[in-house]
Amino acid sequence: MRLSLIPLLIAGLLPVAHAAPAGAITPGVAFSHEDWTLACDNTRTCRAAGYQNEDAGGDPVSVLLTRRGGPDQPIGAELMLGEYEESDLPATVTLRINGTALGTVADNTRFSTAQVTALLKALVRDSSIELIGDNGRQWTLSDRGASAVLLKMDEFQGRLGTPGAILRKGSRAEASVPASLPVPVVTLPRRVATRPADEALANAPALRAALAAATSQDDCESLHPTEGTYADEGPQAIAVKRLDNRRLLVSMTCWRGAYNAGSGYWVVNDHAPYQPAYITNLGVDDDVLTISASHKGRGLGDCWSSASWAWNGTTYVKTSDSTTGLCRLVAAGGAWDLPTLVTEVKEAP
């Protein structure tokens, strides 16, 4: 079950199983087609990443296009040559489109404005896009899926029909493009020390029963051990930490897969009735006021997803959500940071 969950998570398509809490921040969008993927965040910044055509057997390579929301925004482009298993990388690399050399890429990472313009024109039609190293090596960037992804970017940013659109340009005023949005700020309350009596609740059968009653087997397999791992191991340990003068954060391991695991998190009253409020089953760590999640898309570790939540004094709100892009062996840990949700989390003054 968990092996099938992670590819969905990486693609940003994990279904929403619970109502968004009060104060939730609306995320952007994620979209992938063939060799390209898109992540637009809640500030209207969009990032599109393209890769080699795996079917053609090309060496790993990726290009990242980034554009902020708002009128007259330029598009920046970055290059990453595959380095997951490679040490023989060139000192310089030249961009070549349809057989024409268009100059070296600055520091092997940054495309010039002229190179970006040529690259965008090539991506929306059938083109040969190559990176040629001074050591004789060659990488080929795929244009498969680029048109669909770049059209989605224009649509999300409200650029369709404007002169600044990548596709479907028109005469609609550039000033009509929606402005970028500010990064939301989430302020954490002051920390409260956990009491010995709180920790003792970890062994209370009534608390475990309340968690099980409020949580489905899909959300926390270990709370409903019928067979397999959790039936053999027995009850999983519960951690209890204090949030404020009447509420606690409780957590426990809920599932394990071949190369990932996830803990369930709930907010509960500090005495019965506990009334658990479910947060997530993807957690891997917390410092009480914040919870973090990070999972491999596959055992090779070349693609990851991550997320975080923060306690605002009333509820936990999701404060980040991102992937590192497609699983294409570009880099250990993933090639890029492609968020659909960004915030600034501040400590209480």
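Colleague: How many bridges pair strand β16 with strand β17, and in which sense, parallel or antiparallel?
Modeller: Strand β16, residues 290-296, and strand β17, residues 304-311, pair over seven bridges in the antiparallel sense. Keep in mind that this is a predicted model.

Colleague: Which residue in β17 does His295 stand opposite?
Modeller: Opposite His295 is Ser305 in β17.

Colleague: What is the strand order in the open sheet of five strands?
Modeller: The order is β15-β16-β17-β18-β19, and the pairing is antiparallel.

Colleague: And which strands stand at the edges there?
Modeller: β15 (285-286) and β19 (338-341) do. Each has a single partner strand, so one side of each has no neighbour in the sheet.

Colleague: Now the open sheet of four strands. In what order do they come?
Modeller: They come as β11-β12-β13-β14, with antiparallel pairing. The edge strands, which pair on one side only, are β11 (239-242) and β14 (277-283).

Colleague: By how much are neighbouring strands of this sheet turned against each other on average?
Modeller: The average is 25°, with direction ignored.

Colleague: How many bridges join β13 to β14?
Modeller: Four bridges join them, with β13 covering residues 261-269 and the two strands running antiparallel. As for individual residues, Val267 has Ala277 in β14 as its bridge partner.

Colleague: Let's talk rings. How many aromatic pairs turn up in a search of the whole structure?
Modeller: The search finds two. In one of them, the ring centres of Trp266 and Tyr278 are 6.3 Å apart and the planes are at 65°.

Colleague: Why is the pair of Trp266 and Tyr278 given the name it has?
Modeller: The angle decides that: planes over 60 degrees apart count as edge-to-face. The planes of Trp266 and Tyr278 are at 65°, so this pair is edge-to-face.

Colleague: Where in the chain are the two partners?
Modeller: Trp266 is in strand β13 and Tyr278 is in strand β14, 12 residues apart, and the pair links distant parts of the chain.

Colleague: Is Trp266 buried or exposed?
Modeller: Trp266 counts as buried because its relative accessibility is 0%. Tyr278 has 21%, so Tyr278 counts as partly exposed. The cut-off for buried is under 20%.

Colleague: What about Trp311 and Tyr316, how are their rings arranged?
Modeller: Those two form a tilted aromatic pair, 5.1 Å centre to centre, with 50° between the planes. Trp311 is buried at a relative accessible area of 1%. Tyr316 is buried too, at 3%.

Colleague: One more ring. What lies over the face of Phe31?
Modeller: Lys152 does, at 5.9 Å from the ring centre.

Colleague: Moving on to strand β3. How many of its residues are buried?
Modeller: Six of the six residues of β3, residues 46-51, are buried, so the strand is largely enclosed by the rest of the structure.

Colleague: Which residues are on each side of β3?
Modeller: One side has Cys46, Ala48 and Gly50, and the other has Arg47, Ala49 and Tyr51. Both faces are covered. As background, side chains in a regular strand alternate between the two faces of the sheet.

Colleague: How many bridges does β3 share with strand β2?
Modeller: β2, residues 36-40, pairs with β3 over five bridges in the antiparallel sense. The two strands form a hairpin with five residues between them, and Arg44 in the turn has a positive phi of about 80°.

Colleague: And how many bridges link β3 and strand β4?
Modeller: β4, residues 61-67, pairs with β3 over six bridges, again antiparallel. Arg47 is involved with both strands: Arg47 is the bridge partner of Ala39, and Arg47 also stands opposite Thr66 in β4.

Colleague: Last one. How far apart are Thr94 and Leu131, in sequence and in space?
Modeller: They are 37 residues apart in sequence and 5.5 Å apart in space, C-alpha to C-alpha. Thr94 is in strand β6, residues 93-97, and counts as partly exposed at 23% relative accessibility.

Terms used
Residues numbered from 1 in each chain as written. Predicted model: local features only at pLDDT ≥ 70, side-chain atom pairs only at ≥ 80, totals over all residues. Heavy atoms only, no water. Pairing = 2+ DSSP bridges. Axes fitted to C-alpha atoms, helices over the stretch in contact; angles between N-to-C directions. Phe/Tyr/Trp six-rings, centres within 6.5 Å; stacked < 30°, edge-to-face > 60°. Buried < 20%, exposed > 50% of the residue type's maximum accessible area, 1.4 Å probe, protein only. Lys NZ or Arg CZ within 6 Å of the ring centre and 35° of its normal.
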